[in-house]
Amino acid sequence: MGKKLKRGAAVFSAVTVGLTLAACGGGGESGGGGSNEPGEPGGTLTYLQAFPFESADPHRIYYGVQLANWRRTFYRGLVAFPMSEDPDVSNTPVPDLATDTGTTEDGGKTWSFTLKDGVKWEDGTDITCEDVQYGTSRVFANDVIIGGPNYTLSYIDVEDYPGPYTATEEQQAAFEDAVSCDGKTVTFRFNKPWADFPLAAAGMMMVDPYKESFDEGAKSQWKILSNGPYKVEGGTWDKNSGAKLVRNDQYDPATDDPEALRLALPDVIDWQINPSDTAGELFNDRMIQDAGKDQTAITNARVTAPQLPKVTGPVAERYVNVDSPFNSYLVINAKTVTDLKVRQALAMATNLNGYVKALGGEKVASPAETIVNPGLPGATDNPAFADDNNNDGNFDGARALLEEAGAVGYEIKLSYPKTPTADKAMAILKEGWDSAGFKVTLDPLGDTYYDVIASPDKDSDVMWAGWGADWPSMMTILPPLFDSRPNISSTTCGNDYGCFQSDEFEALVDQAANAGTVEEQVEFLQQADLVLGEQIAYIPLEITKFNWLYGSKVTGFTTTAASAAYPELGLIGVSN
């Protein structure tokens, strides 16, 4: 399936305005030091957010920051990613509602999890295996439960199941055979191996429990029934203003691992949403000023490049700069740019240092040499994109390739989502390519950008795109973006914007998909990325960086791979 377009589409604007709709992954380093001293329980943390979520229903959530934050507050899963600053630890699931991280005896085609004793919903009722079964079933009703990840639809071994709202008795029985309950043990039966299923279950909420008697279908969009340390006062999330989070008295930390998963330090989290276009900048201006209640506030609005010069002196002590889980890249249209030497020349003449500088410099991004984010297990630089003239672009070498191909003066239409910063960055790419002998036309587009580049009949030759992993696995990067089979039809190229097709690549994807272990899967996908590099299916651009500020009375501020490089809410407290 792959990441929702809206999430990938936001990466370019995130570089310029400080908002990313993210996936899981991340890691990085502190730019000015985090307040990493553990806090004391109590007090009120103010959480400032500059955009609305699309749903409070766990099976409809696909924002990375929401997945990460709400895993720490409302919605516990069978497994979860821990809060360690070591990405190897943070990318490894640990038990949450389940007693272990799942067992499989057939190479990943069947996974079983047993629920812990004593785990409860906020209404005091036990969380049951049937709640997990029902929650998993809701995702199939994708005409009602819309917007969330639906990987399970292609894995769970059931056919023609429409979800629990309209299923016949026979259809429901077939589903309950595929996702079955035996006391407290739930077993998932898949139609093919899913070696990294525990990572998917930790990173997404698509197999999270849901109480059938609480469900009102589409009307459940903003209702929250918590099983975590907090609950929403009043039970309903307000899309445009947020909510007040208070202690859930039915949550028992003895069923949890608070040190690993959620310290839940503040007594109250006052989650405030301002959906205006200027809210993010205003929130960070308040972080800089650090007055009144803002001293105990954090924000998931990133510091923008124009605000970075204000981060000096004492403000710099409350500033953190980290690598995000997002990469941006260029896609070459396989239908219009068919000569490999031309594609190689484009890659060789790409001025990554100039591109990064145009975005705002090293605090905003760093050059990338693969589409796979360095925070992912198995990530390695692709030799096809090794430093060309120290990432300044090798224009003479690129011109030589064009001369060999008889293609000096080759016309290129470069399409991208228009922003003022994007205009500057794309002008740098054009300048380098023109110097190498191309003739480049810039094609800035508006809100229809992703519709345009997904079309199989587009006249774009090179297109900008951004992506991040749904969970820490290359399976959520390479196949969704370059496997033609689930993407390309007569009406769309899907997420495979370049309409790329390679039998060699797809054979490696199939081997990875059928691998019995994550380690085997990684080996096949590393080979698959080499194939993409050899054919110049993409050109890597940059690894996006996140810049954060927090109030002077906030404690434990840090980011982790599990928090998608956003503030790690499970560790954060306030000084009383």
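**A tour of the aromatic rings**

Select Phe74 and Tyr75 to begin: both are buried (under 20% relative accessible area with a 1.4 Å probe and protein chains only; over 50% is exposed, and in between is partly exposed). This is a predicted model in which local features need pLDDT of at least 70 and side-chain atom pairs count only at pLDDT 80 or more, while totals for chains, interfaces and linings use all residues. Residues are numbered from 1 along each chain as its sequence is written, and side-chain values use heavy atoms, with hydrogens and water left out.

Next, select Tyr410 and Phe438. These two form an edge-to-face aromatic pair, 6.4 Å centre to centre with 80° between the planes. Rings of Phe, Tyr and Trp (its six-membered ring) pair if their centres lie within 6.5 Å; planes under 30 degrees apart count as stacked, over 60 as edge-to-face and the rest as tilted. Tyr410 lies in the loop between helix H11 (395-405) and strand S13 (411-417), and Phe438 in the loop between helix H12 (420-436) and strand S14 (439-445), so the pair ties together parts 28 residues apart in sequence. Helices (H or I, at least four residues) and strands (E, at least two) are DSSP runs numbered from the N terminus. Tyr410 is partly exposed at 22% relative accessible area, whereas Phe438 is buried at 4%.

Now select Tyr47, Phe51, Phe53, Tyr63, Trp70, Phe74, Tyr75, Trp237 and Trp271, which form one aromatic cluster.

Finish with Arg138 and Tyr210: the charged end of Arg138 sits over the ring of Tyr210, 3.7 Å from its centre (CZ of Arg or NZ of Lys within 6 Å of the ring centre and within 35 degrees of the ring normal).
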